[in-house]
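Please look over the structure below before reading on.

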Amino acid sequence: MGWPLDPAVLEGVDSRLEQLSAQTGDTWEEKLQVLRACVESLPEQYRKVVELRYFHQRAVRQVSEVLQLSNAAVKKRLQRARSRVLDCIQRKLAPAEVPL
């Protein structure tokens, strides 16, 4: 999927990813791949609002009109989607545990 790489969106993602402990060898491209995989793994109801809001840069009101949802429902889905994406990123970028 070819997403537009809006600098403001990338800066937001970068600041969130910096909160995670980086593994040796992690590159910006690897982090973007993890982000893409996490967004693509979202249930459809969450993925649609994320894609419209962040990748197509639509306002919440526009997303609600397209999906025929209330503004409150769109905001709640965005909140839940961000939480799921952050959890997914943390799992994927967490250092692998080495058995003793």
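What follows describes a predicted model, beginning with a pair of helices.

Helix 2 spans residues 28–40 and helix 5 spans residues 71–93. Their axes lie 9 Å apart, and the two helices pack at an angle of about 135°. Angles over 145 degrees would count as roughly antiparallel, and those from 65 to 115 as roughly perpendicular; helix 2 and helix 5 are therefore oblique to each other. The crossing of helix 2 past helix 5 is right-handed.

Which residues make this contact? From helix 2 come Lys 31, Val 34, Leu 35, Ala 37, Cys 38 and Val 39, and they meet Val 85, Cys 88, Ile 89, Lys 92 and Leu 93 of helix 5. Of the residues in this contact, 9 are nonpolar, 2 are charged and none is polar.

Next come the salt bridges, of which the whole structure holds 4. One of them links Glu 29 and Arg 36, with 3.4 Å between the closest N and O atoms. Glu 29 has a relative accessible area of 40%, so this residue is partly exposed.

Another salt bridge joins the side chains of Glu 44 and Lys 48, at 3.2 Å from N to O. These residues are 4 apart in helix 3 (residues 44–55), so about one helical turn separates Glu 44 from Lys 48. Glu 44 is partly exposed, at 45% relative accessible area, and Lys 48 is also partly exposed, at 38%.

Arg 61 and Glu 65 form a further salt bridge, their closest N and O atoms being 3.2 Å apart. Because Arg 61 and Glu 65 are 4 residues apart in helix 4 (residues 60–67), about one helical turn lies between them. Arg 61 counts as partly exposed, with 46% relative accessibility.

Terms used. Residues numbered from 1 in each chain as written. Predicted model: local features only at pLDDT ≥ 70, side-chain atom pairs only at ≥ 80, totals over all residues. Heavy atoms only, no water. Axes fitted to C-alpha atoms, helices over the stretch in contact; angles between N-to-C directions. Parallel < 35°, antiparallel > 145°, perpendicular 65-115°, else oblique. Left-handed = near helix turned anticlockwise from the far one by under 90°. Contact = heavy atoms within 4.5 Å. Nonpolar A, V, L, I, M, F, W, Y, C, P; charged D, E, K, R; others polar. Buried < 20%, exposed > 50% of the residue type's maximum accessible area, 1.4 Å probe, protein only.
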